Protein chains: 2
Amino acid sequence: MQALGYYNGKFGFLDDMTLPITDRAVYYGDGVYEATPTRNHVIYAIDQHVDRMFSSASLLKIEPPFTRDWLKNELNLMMEQMDGGDNVLYWQLSRGTARRAHPFPENVKPNLMMMITPYRFPNLDEYVSAITLEDTRFLHCNIKTLNLIPSIMAMQQAKEQGCYEAVLHRNGRVTECSKSTVHILKDGCLITAPTDNLILPGIARSHLIEGCNANGIEVIERPYNLGELKNADEIFITSSTSFLRRCVRLDDMEAGGRDEARFQTLKNYVWNRFIAATEVEKDR
Amino acid sequence: MQALGYYNGKFGFLDDMTLPITDRAVYYGDGVYEATPTRNHVIYAIDQHVDRMFSSASLLKIEPPFTRDWLKNELNLMMEQMDGGDNVLYWQLSRGTARRAHPFPENVKPNLMMMITPYRFPNLDEYVSAITLEDTRFLHCNIKTLNLIPSIMAMQQAKEQGCYEAVLHRNGRVTECSKSTVHILKDGCLITAPTDNLILPGIARSHLIEGCNANGIEVIERPYNLGELKNADEIFITSSTSFLRRCVRLDDMEAGGRDEARFQTLKNYVWNRFIAATEVEKDR
């Protein structure tokens, strides 16, 4: 499977690309990232992702050595190198390259890395299952950082139990999943956790909220707990690359699956939004 | 300053060494590490560090593709390549190299990386100051992982305030520092937090406890709070590379510094222990 990599202006086949051992991403995970699907070589929601990367970087006091426009142009130039148009585009910005020492190194430039891999979009009519786990992550989950060990461990546990995701909770309060956001439908309303320091401000989340607004579905942003999750009419798991998945089993028990009509409405909204945004002229 | 790097059997000048972009350390921080000083090319407390690395790896379900003896031999072989004998030896083990996906990749071998840099041992008779900060890290602090962003941010804040370290606390309960362990002396006893999931089982901590036992100083392992820290007779900050530092200012207020005799006893114990363990025959 052809995949491309990029590092500070150089690019090549992903599996051949290297970076210095002394990039702070390597030994501290000291950086931020974004990932989004592309279709027809069009990078979906590029403005939102670039804005969020700048926001994540700012929260870690990493100053990107480029403008938003330069970055978008660089991402698009790399995208044009791919044979196929349907991909996942991943990029990360680390604080810089320096000998290992905790304080920020002086006079170093952040490093930009990209990975582009072909992608087959998921079938949103295949429903999924999840486990629930205690959320043991740090208290900076609003920043999209490279410090992902607890998410990896949670996802591995989900996979070993044959599940699509792990829904995390702090002492009963549902936060998000290992790599997705989670929301519930109850009595015709969407309930979704507020974007505090415990969850990432999901871009797919924003598209789901947009879909609710467009379809007269009330959106309530408030913390909710495991009991509400288990008794929800629907459980929705969203992420940039998986859009909207309907969760119908939780910890090996039936869950959600009781508001088919609103699920279909919202699924069609987020999928059609993606298709429309990534459409290109046939004779381009 | 000559420094060497190593990656899966290859080595060279540290600043020239590279690793694949697809090493999971790069984009997930998915690995564990150790660091220890060397003197006369002798790696201090190598058995303890190698054991802890195997323990950290095991907690993340990373299986080292070598035995403890093979690793010790490889570390020693690299150490022999250094011109000077006084260094910091750092090594890390990542889960492996693979295309980015949260679940553990199958059929990959963990990657071993080393960085060796010349080191000037600190003067333990220079006393230090610290700030206190809320501990916002994850709940796996017993594992020595590459997910270090909150520690970096805390250390940077300490540095900007002219301090040596940041003492972290969870809602008032003192845990540890950004890259060190913290202990207090009160009424002739050493009080140190228990090694639960909130702190790393420090190797310098174990040497300090050994020093207490050898000198009739009672050791009490229990959680303690910020009030006790501020009213301690002495505040000790320990780490493998900095041994034992006496902290005499906390948040810009005088603190500790009231049990000089026991400080001297313990400082001499840990320093002499290091010197004795790293002594070599003159005519070697």
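1. Confidence. Chain A of this predicted model has a mean pLDDT of 97, and 99% of its residues reach 70 or more. For the model as a whole, the scores are ipTM 0.97 and pTM 0.97.

2. Relation of the two chains. Chain B is superposed on chain A by a rotation of 180° with 0.0 Å of shift along its axis, and the RMSD of that superposition is 0.0 Å. That is the relation of a two-fold axis. The contact residues follow this relation, in that 100% of those in chain B recur in chain A, and the same surface therefore serves both copies. Within chain B, the residue that comes closest to the rotation axis is Phe138(B), whose C-alpha lies at 1.9 Å.

3. The interface. In the contact between the chains, 56 residues of chain B meet 56 residues of chain A. Together the two chains bury about 4800 Å², and 66% of this area is on carbon and sulfur atoms. Of the area that chain B buries against chain A, 17% is supplied by Ile21(B), Arg99(B) and His102(B), which is more than any other three residues supply.

4. The sheet of chain A. Six strands of chain A form an open sheet in the order S2-S1-S7-S6-S4-S5, and their pairing is antiparallel. At its edges are strand S2 (10-13) and strand S5 (42-43) of chain A, each of which pairs on one side only. Strand S4 (residues 31-39) of chain A runs antiparallel to S5(A) and is joined to it by two bridges; Thr38(A) has its bridge partner in S5(A), namely Ile43(A).

5. Helix H2 of chain B. The 14 residues of helix H2 (residues 46-59) of chain B should span 20 Å at 1.5 Å a residue, and this agrees with its end C-alpha atoms, which are 20 Å apart. Buried residues of H2(B) are Ile46(B), His49(B), Val50(B), Arg52(B), Met53(B), Phe54(B), Ser56(B) and Ala57(B).

6. The buried residues of H2(B) pack against several elements of chain B: strand S4 (31-39), strand S5 (42-43), helix H3 (68-80), strand S6 (87-94) and helix H5 (203-214). After H2(B) comes Lys61(B), which has a positive phi, near 60°.

Technical notes. Residues are numbered from 1 along each chain as its sequence is written. Chains are lettered from A and ligands numbered from 1 in the order in which they are written. This is a predicted model: local features need pLDDT of at least 70, side-chain atom pairs count only at pLDDT 80 or more; totals for chains, interfaces and linings use all residues. Side-chain values use heavy atoms; hydrogens and water are left out. Helices (H or I, at least four residues) and strands (E, at least two) are DSSP runs, numbered from the N terminus. The expected span of a helix is 1.5 Å times one less than its number of residues. Buried means under 20% relative accessible area, exposed over 50%, partly exposed in between (1.4 Å probe, protein chains only). Contact means heavy atoms within 4.5 Å. pLDDT is the predictor's confidence in each residue, from 0 to 100. Copies are superposed by least squares on the C-alpha atoms of residues with pLDDT of at least 70 in both. Two strands pair if DSSP finds at least two bridges between them. Buried area is the accessible area (1.4 Å probe) that two parts lose on being put together, summed over both.
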